[in-house]
Amino acid sequence: MEYEAVIGLEVHVQLKTESKMFTTARQGFGASPNTYTDPVIMGLPGALPVMNLQAIEQSVRVGLICDSEIPEFCKWDRKNYFYPDSAKNYQITQYDQPICVGGELEVELTGPSRNVMGEHRKVKLTRAHLEEDVGKLTHFERDSLVDYNRAGTPLLEIVTEPDIRSSEEAVAFLQSLRMHLTAAGISDCDMEKGQMRCDANVSLRPKGSDVLNTRTEMKNLNSISGVKNAIESEIRRQYRVYQKGGTIVQETRRWDADSGMTQSMRGKEDAHDYRYFPDPDLMPVRLPREKVESLRAELPERVFDQQRRYQEQYDFPYTLTSVICFDFELSRFFETAMASYGKNPKALANYIANDLQRERAQSEQDGLLPIIDVKMQPAQLADLVRLVDEGVVAKHNAREVFIEMFNTGRDPEPIIKEKGLADDGDDGDLEAICKDAIAGNAKAAEEFRGGQAKAINSFMGPIMKASKGKANPQKVREMLEKLLSE
Amino acid sequence: MPEALYQQTATELQQGLQEGAFKSVDIVRSLLERIDAVDGDIGAYLHIDKADALAQAEAADARRAGGKALSDWDGVPISLKDAIAVKGQPLTCASRMLENFVSPYDSTVASKLKDAGCVLLGRLNMDEFAMGSSTENSAVKPTLNPWNKECIPGGSSGGSAASVAALECPWSLGSDTGGSIRQPASHCGVVGIKPTYGRVSRWGLAAFASSLDQIGPLARSVEDAAALLELISGKDNRDSTSVPEPVPAFRKALGQPVKGLKVGLPKQYFDNSEGLDPEVREAVMAAARHFESEGCELVEVDLPHADLAVPVYYIVATAEASSNLGRYDGVRYGYRSANASDAIDLYYKSRGEGFGEEVKRRIMLGTYVLSSGYYDAYYLKAQKARSLIRSDFAKAFEQVDVLLAPTAPTPAFRRGENTEDPLAMYLADIFTIPANLAGIPGISLPCGFSKSGLPIGFQLLGKSFDEASLLRFASNFEAAHSFARQSPEL
């Protein structure tokens with residue numbers, strides 16, 4: 001029998017806020033243990049939670065990006081359990097009235113090659129609810145240590161419908177979520193720092209059926225490849241069980257990246273009774289429609305909408321949109337440059353996708369120079385493109401100017417002057433050089449006159465050589481066309 | 001004017017300080033001597049740092065001498081129930097669980113009192129984690145009723161009431177979850193106010209039941225109680241359930257006429273057979289007749305769901321408590337069992353050894369009513385019944401300005417009388433619990449003595465945030481009957 005996988009994801013995303021979910025203690029990654037704490041985080045007697053409005057707004061923005069319903073009211077519940085990762089021994093979360101209901105997120109599956117766009121589809125969401133993150137335990141042979149720095153960090157749990165059919169789709173979902181959330185400044189989604197964490201529910205069913213079979217829940221998927229490998233490993237395991245006529249037991253399994261296997265953590269019968277009840281310390285949250293609409297108005301353009309717009313409006317190829325649109329820092333660089341000179345989007349995009357990325361890679365040992373450390377500003381790049389367009393500097397010389405701008409953060413014009421790269425505009429000279437070139441290649445001249453437009457390229461090499469590279473190719477082309485048609 | 005400083009009310013002390021008749025250190029010394037003399041018997045205090053109290057008083061005197069008094073109350077001492085956090089002072093909730101815990105932060109009420117310059121004198125005994133009606137559940141020691149040491153002082157704020165009655169502090173703060181200010185005030189013959197839920201910040205009050213808890217004043221005069229309520233009230237950004245309602249100058253309500261106003265007598269509070277003591281009934285009816293003689297109209301009102309209050313309370317309060325007390329686990333602070341074999345065992349043993357019987361009983365009750373499969377039958381149903389109780393009061397206040405009722409069904413009972421019978425103990429709060437469930441304010445004030453010489457109190461209940469009306473009626477009654485200024489022979 002042929003099987004298909006039915007996969008649902010629960011993605012925990014740490015929201016970017018100044019302070020924690022229910023107190024003014026700072027939040028962030030990498031501080032020395034137990035420094036981002038206060039009476040609320042430590043669960044001292046008498047401490048009370050107060051909701052962080054910024055986290056509410058960030059969550060609403062996630063919902064708006066995903067076309068979720070934002071109910072007018074949501075509320076807070078306590079999830080009670082004893083474990084040292086939570087100082088109060090309960091976690092404040094949203095049980096039955098979450099901040100976002102339903103919705104869907106567009107994803108792009110891997111295409112047949114890097115240069116060809118993959119299939120787009122939408123993954124349905126069940127809900128997203130806001131809660132507080134828990135502390136971090138480190139276990140040693142005899143003791144365990146706990147760090148409450150992470151405790152209380154605003155955490156949005158985004159739950160998909162069992163609407164995913166393969167590990168590739170699961171990965172595509174996470175990538176899309178990360179692109180959208182980073183672009184909107186909602187989260188940095190760095191899985192290595194635990195800012196995005198994923199659990200996956202997996203079951204199998206006969207292909208074409210619409211039953212939902214017993215599922216298992218995979219925890220501890222702390223990287224994109226972990227998600228991919230764990231799902232694939234679990235699909236194989238369930239397949240083998242079914243092949244042998246066995247049944248799948250509902251359980252929670254832990255992914256062990258080292259062994260590449262999932263191991264049973266606990267069965268259904270060990271499920272906690274969390275004794276959920278509304279948190280009496282917190283009032284229900286009312287979200288006025290005007291507030292939701294003003295948040296909607298401020299949202300950045302969705303990644304795939306931007307991609308389609310660039311394709312239609314600027315005629316960008318996929319290779320360009322996949323670089324510019326899928327990286328919000330580059331698309332922001334592009335948009336800012338466009339605002340200062342919008343006449344040649346393709347040239348701008350090409351500089352960003354090729355030259356900028358190349359130079360960033362060359363100035364960093366490992367990976368790319370962070371965009372914040374790039375000295376060249378978008379408006380300066382726009383200036384360079386304008387100067388090329390206006391014929392002030394020849395396009396083939398602009399690269400040298402670009403590199404100098406990237407390295408120094410200086411404006412293009414003084415660099416052009418200093419390096420003597422300005423197109424001197426001496427058409428008399430150019431005309432003489434072109435005439436020489438035509439005279440030196442009568443065959444090509446004949447071919448051009450006979451209608452073979454490409455033949456004109458044969459003159460370019462000698463002309464560039466004769467002008468010592470200073471000739472502007474566009475002007476050369478115009479001059480050649482003029483001379484050849486005389 | 002009483003001869004000794006410890007006998008004076010806070011208002012009198014404040015006036016004397018302003019007139020320069022004495023200093024804050026004189027007051028504190030007088031109180032410390034009084035405490036030394038009587039508290040060995042009464043047991044109202046759990047902790048006093050004498051040197052620190054005198055240092056606070058000296059600082060207050062220096063401010064006043066320099067013309068920089070923080071407020072009229074600068075240098076007036078106060079003591080707090082041991083569930084209200086003061087930075088650097090013990091916060092034990094009279095529990096073994098917190099016997100060595102010192103608060104690293106101030107409650108909002110403590111900050112407000114410090115801002116006013118009050119001397120935070122000491123920590124007052126209570127039922128463990130405010131669970132009880134007799135202060136017999138203190139893990140440290142019982143507090144005795146200053147009027148009769150064979151009797152309980154009421155609870156859970158027994159130390160707060162007894163200390164004020166025994167002239168061991170001019171006024172104090174307690175907390176009221178189901179009557180824990182009003183019932184001991186009634187048993188000790190002092191004035192006690194449970195403010196409207198949301199009137200006073202709970203930040204820094206070790207939680208028993210979050211949706212019911214409210215800090216409030218105990219004092220020997222309505223004026224003192226009103227002044228203290230002014231000092232501690234107001235919206236607090238650290239407590240989401242505190243309400244941005246303006247805080248009136250409560251003392252302005254004192255002495256305002258009550259003629260023509262309507263006083264409701266809830267028939268369920270007088271008719272029922274829940275053991276309303278005839279002497280209590282007679283004293284409370286006499287208080288009602290006082291208002292009639294002042295030109296008020298007495299109106300019988302119906303609170304049809306009054307009988308649901310106790311069962312609803314013991315579901316809601318225990319459910320919240322079972323979660324609120326989860327934090328006491330021996331991991332980060334507080335009592336930690338030395339006998340634990342592993343992490344899970346550490347929870348079991350620390351909590352098993354650290355909590356007393358009543359606390360464990362209520363945690364188990366609360367855990368049960370929230371359990372999967374029982375939630376709808378208990379907690380959800382209790383919440384629905386709670387809204388019926390709330391609307392009973394709302395309807396009653398369409399007819400009348402205040403409600404008048406007994407505070408407790410009997411005068412203070414004898415020590416040990418109810419300790420083996422938790423249900424009998426729970427019924428001690430039958431008249432006080434409804435106000436907590438409805439969130440409305442209540443004041444208890446003394447209205448006489450039983451034949452055996454025990455104080456009897458009555459309570460006035462008002463609309464939400466209408467403490468001013470309660471104070472108006474209370475001051476009118478007090479003007480004619482100065483029961484609260486009578487002190488027990490000690």
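The model is predicted: local features need pLDDT of at least 70, side-chain atom pairs count only at pLDDT 80 or more, and totals for chains, interfaces and linings use all residues. Residues are numbered from 1 along each chain as its sequence is written, chains are lettered from A and ligands numbered from 1 in the order in which they are written, and side-chain values use heavy atoms, with hydrogens and water left out. Chain A and chain B bury about 2700 Å² between them. One salt bridge is counted between these two chains.

**Interface between chain A and chain B**

- Contact (heavy atoms within 4.5 Å) involves 31 residues of chain A and 39 residues of chain B.
- Carbon and sulfur atoms give 58% of the buried area; this is the accessible area (1.4 Å probe) that two parts lose on being put together, summed over both.
- Pro45(A), Leu48(A) and Arg275(A) supply 24% of the area that chain A buries against chain B, more than any other three residues.
- The salt bridge (a side-chain nitrogen of Lys or Arg within 4 Å of a carboxyl oxygen of Asp or Glu) joins Arg202(B) to Asp281(A). Their closest N and O atoms are 3.1 Å apart.
- On the side of chain A that touches chain B, β3 (77–80) and β15 (277–278) of chain A each supply at least two residues. Helices (H or I, at least four residues) and strands (E, at least two) are DSSP runs, numbered from the N terminus.
- That side of chain A divides into 21 nonpolar, five polar and five charged residues. Ala, Val, Leu, Ile, Met, Phe, Trp, Tyr, Cys and Pro count as nonpolar, Asp, Glu, Lys and Arg as charged, and the others, Gly among them, as polar.

**The three-stranded sheet of chain A**

- This open sheet has the order β4-β3-β15 (chain A), with antiparallel pairing. Two strands pair if DSSP finds at least two bridges between them.
- β4 (90–93) and β15 of chain A are the edge strands, each pairing on one side only.
- β3(A) and β4(A) run antiparallel and are joined by four bridges. Lys79(A) stands opposite Gln91(A) in β4(A).
- Helix α10 (residues 309–324) of chain B lies across β3, β4 and β15 of chain A, at about 60° to β3(A). Axes are lines fitted to C-alpha atoms, for helices over the stretch in contact, and angles run from 0 to 180 degrees between N-to-C directions.

**The 11-stranded sheet of chain B**

- This open sheet has mixed pairing and the order β1-β3-β2-β4-β6-β5-β10-β11-β9-β7-β8 (chain B).
- Its edge strands are β1 (45–48) and β8 (297–301) of chain B. The twist averages 30° from one strand to the next.
- Strands β2 (residues 77–81) and β4 (residues 171–175) of chain B pair in the parallel sense over two bridges. Ser79(B) has Ser172(B) in β4(B) as its bridge partner.
- Helix α3 (residues 50–65) of chain B lies across β1 and β3 (119–124) of chain B, at about 155° to β3(B).

- Over all chains, the structure holds 53 salt bridges. One of them joins Asp188(A) to Lys16(A), with the closest N and O atoms 3.0 Å apart.
- Asp188(A) lies in the loop between α2 (167–183) and β11 (196–206) of chain A and Lys16(A) in the loop between β1 (3–14) and α1 (53–65) of chain A, so the pair ties together parts 172 residues apart in sequence.

**Backbone details**

- Most residues other than glycine have a negative phi, and most peptide bonds are trans.
- The peptide bond from Gly155(B) to Ser156(B) is cis, with omega near 5°.
- Asn34(A) has a positive phi, near 60°.
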